[in-house]
Every structure is written in structure tokens, then in C-alpha cells.
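Subject: Handover of a model

Hello,

Here is the structure for you to look through. Please keep it open while you read the notes below.

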Amino acid sequence: MTGLSAADRRWLDAAVRYAMPFVGTTADVPTAAALVVDPQSQTLVARAVTARGGRPHAEAEAIGKAGFEAAGCTLYLTLEPCHHWGRTPPCVDAIIRAGIMRVVIGATDPDPRTSGGSIAQLESAGVEAVLARHVPSQALHAGHALRHTANRPFVTAVLAISADGMIGQSSGGRAPIVGPEALAWIDLLRTRSDAILVGAATARSDDLELNVTLPGLAARTPLRVVLAGASGIDRKVNLIGDFSGHRTAIIAETAASIDAPVSVQIIRVAGSRGRPDLAAALGALAQRNIQNVLVEPGQRLAAALLEADLVDRFAVITGQHALGADAVPASRDGSIASVIDAAGLVETDRQALGDDNLALYERPSRED
């Protein structure tokens, strides 16, 4: 087994970039990318990403596109290929039959049906297999990994705050905080998520729809999930009672009273005093094959998720205008940035979104 070269890292980086726009489209299957590369000329022969809905897998699709040219090539994969039969044949078999000589894998697959076994099968067939432990590949598949190792999805929280740290008017209703560029960025996050989660109070006060409004991408609206609180939630809330055609679910504590149309899925989890346990709620989503969740929280839900150590990435978008001292603050415990810092997330990026400013916080990355 050879080590990882600079060229290997560049191809894996390219594979991750290729996969990113498709995140959120592959249902219960990880959004993996596969590149077939001629090792002599270092040219791309074929590429593929996991198909919409999850089948076929990227490996089989890329090899099929390459045809006879795949023989002797290197296959770059963001995720370890499967070697078990499911709704598709084993990808390892396709790799071996194609005459691929070398496979470079960005991240191991924690699915017990795959983990480690695929590499062993490739090597036993004479195919060189290199496990790169490639940080961008690991980040791409973080939701898939967490679903198998922690029984929860990858959680991204996004919060738009005013220049004075507020999130809305105390009288309720939505307040214009950020501009169109920031709203479009949030919409893009929605397209790359399997579900959007909000608290019941936010759903009631903000009259949310949570649909994707980017031109041509309305169909990428993910599952919309309302976390019911102690006072429950009913069909009068726009998100529950409207007829948008988008899938909607309510997560409620086992005995909570819920009034919702039959088209809305009710997910019951353990909790206390009418409130669902957050870890149990995320676990219920993971069991339904949700890999990436976007949370658009209010003050209470943001604090509770951070306190429970259930946030992996937190995006704070700060607008240019103040809402005033009688508005609702993003946090009751000081600035939201200090609360995020206390939760162990570190700032990894800052950028402008039109006239607004984005600060991105993430868990410190750890290589295997």
C-alpha cells in the first residue's frame, strides 16, 4: 500500500467539491462522489455522484460511464464503497470487475455492513486500497457518520440577528433583519439539508413556511419539522395547516395533545413536562434516515441545543440595523457569540452576505 500523494489529495478535494451541490438529494444514502482517473496522464475519465433518491451509487455510475477505459485507472471515492447486497449490488464487485487497479478512499463508512470490510475485499482481489482520512471527505459525510455512531444527524443552526443582537420584536411577527443575499444563503442551506427544524413558538410567532424560494429549486424543500412545546401546537399555525405540498412533521412528547391534519406526520418521543427530549427528537430523525438537519431556532431552542451539546455548526448572520431594547435578544446569557464559544464551537469563517455579515462556528475537526 502506497501513501497519499499531493495529486491524490487534489483529486479527493475535487470529488468533494463535485458532491457538495447534491447534498440533500440522495435520501437515506450518503452523497458520495466517485472519480475515475488515468494515473499516467492524470486526466479525468469519468465521474459520478450518488443519484437522486440514493440509487445508483456513485461508484457503479462512474465505472459504467468509463466503460472499458476504467481498466488500470485509479478510483477516487469520498466514502468507502459498499460490499453488501441491498437495493443495489455491491460496489466493490463492480470495482473489481472493471479492472480498477487502485482505490483512494476519503473516509471510512461507519455503517456496520460496510466498515472496513470493503477495503479488505479490495486488497484480497489485488486492488490497492488507500484510506486517506481526508478531512473534507469526513466533513461531507459527517451526518452519515453521526447517524451511525451517535444516533443523531449533523446539526447546523442558523440565526439572523440585528446589529444590537436581537432576533425579533417582542410583540411577535417577523422583523426584517437581513437582506436578500443572506436570505438566499439560508435558502441554499435548506436545499442541502434533509430536514428543517423549528420550535413551536417560532412557528407560531413568525408564521413560517420554511420552503425553498430560490428559482427552480422549490422541489428541494426538505422535510419541515416542528418541535412541539409544552403548550403543544395546532393546525392554525401556517406551517401545519397550509396546503403547500411540502412534507411536514411534528415531534411531540409522548402524551402531548396535537391537533394537525392527517397529512402531517406525528413523531412521538420521550420528554418531560410536555416537552420532547432534544436528543430523543434528533434520534427519531436519525432513525428515519435524516443525515443533515438545519435548525432555525428561537432564543429558547438555540440555548437548549447548545447546552445539550447537540450543535455541530452554528451560523450567525448579523444585519445592519438595530431593533431596540424592547426586542427579543438572541440569548439571555450575554452575546450569542459568547454562548456559542462556551459550548465549545470555534469560529472558522467570516464573510459578507451583501450588507450583512456571516460568522461561522464549528466543532474543532479531528482526524481519525
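Does Leu-131 count as buried, partly exposed or exposed? Leu-131 counts as partly exposed because its relative accessibility is 23%, where buried means under 20% relative accessible area, exposed means over 50%, and partly exposed lies in between, all with a 1.4 Å probe and protein chains only.

Before the rest, two notes on the source. This is a predicted model, in which local features need pLDDT of at least 70 and side-chain atom pairs count only at pLDDT 80 or more, while totals for chains, interfaces and linings use all residues. Residues are numbered from 1 along each chain as its sequence is written, and side-chain values use heavy atoms, with hydrogens and water left out.

Surroundings of Leu-131

Leu-131 belongs to strand β5; helices (H or I, at least four residues) and strands (E, at least two) are DSSP runs, numbered from the N terminus. Leaving aside residues up to four places away in sequence, Leu-131 touches Ile-105, Ala-107, Thr-108 and Ile-119, contact being heavy atoms within 4.5 Å. Gly-106 is 25 residues apart from Leu-131 along the chain, and their C-alpha atoms are separated by 6.3 Å.

The sheet of 5 strands

Strand β5 is part of an open sheet of 5 strands with mixed pairing, in the order β2-β1-β3-β4-β5. Two strands pair if DSSP finds at least two bridges between them. At the edges are β2 (43–49) and β5 (128–131), each of which pairs on one side only. From one strand to the next, the twist averages 15°; axes are lines fitted to C-alpha atoms, for helices over the stretch in contact, and angles run from 0 to 180 degrees between N-to-C directions.

Strand β1 (residues 33–38) is mostly covered, with 5 of its 6 residues buried. Strands β1 and β2 run antiparallel and are joined by 6 bridges, with Asp-38 opposite Thr-43 in β2. These two strands form a hairpin with 4 residues between them, and Gln-42 in the turn has a positive phi of about 55°. Strand β1 also pairs with β3 in the antiparallel sense, over 4 bridges, and here Ala-34 stands opposite Leu-77 in β3.

Strands β3 (residues 74–77) and β4 (residues 102–105) pair in the parallel sense over 4 bridges. Thr-74 has Arg-102 in β4 as its bridge partner. Helix α4 (residues 117–124) lies across β4 and β5 and runs at about 150° to β5.

The sheet of 9 strands

Another open sheet has 9 strands in the order β11-β10-β9-β8-β14-β6-β15-β18-β17, again with mixed pairing. Its edge strands, β11 (265–269) and β17 (346–353), each pair on one side only. On average, neighbouring strands of this sheet are turned by 20° against each other, direction ignored.

Within this sheet, β8 (residues 195–199) and β9 (residues 223–227) pair in the parallel sense over 5 bridges, and Ala-195 has Leu-223 in β9 as its bridge partner. Helix α10 (residues 278–287) packs on the sheet and touches β6 (154–161), β9, β10 (248–253), β11 and β14 (292–295); the direction of α10 makes about 130° with that of β11.

Helix α6

In helix α6 (residues 142–149), the residues Ala-142, Gly-143, His-144, Leu-146 and Arg-147 are buried. Their cover includes α5 (135–140), β6, α10 and β14. After α6 comes Asn-151, whose phi is positive, near 55°.

Cavities

The structure holds 2 cavities of 30 Å³ or more. A cavity is a set of points, on a 1 Å grid over the protein atoms alone, where a 1.4 Å probe fits but cannot get out, and lining residues have an atom within 4 Å of a point. Grid points are joined across faces, edges and corners, and a volume is the space filled by probe spheres set on the points.

The largest cavity has a volume of about 90 Å³. It is lined by 14 residues, of which Val-23, Pro-30, Thr-31, Gln-291 and Asn-292 are the closest to its centre. By class, this lining has 5 nonpolar, 8 polar and 1 charged residues; Ala, Val, Leu, Ile, Met, Phe, Trp, Tyr, Cys and Pro count as nonpolar, Asp, Glu, Lys and Arg as charged, and the others, Gly among them, as polar.

The second largest cavity has a volume of about 30 Å³. Helix α11 (299–307) gives the largest share of its lining, 4 residues, and both α11 and α12 (336–342) supply at least two.

Regards

Technical notes: 1 Å grid on protein atoms, 1.4 Å probe; cavity = no way out; pocket = protein on both sides within 12 Å on 5 of 7 lines; lining within 4 Å.
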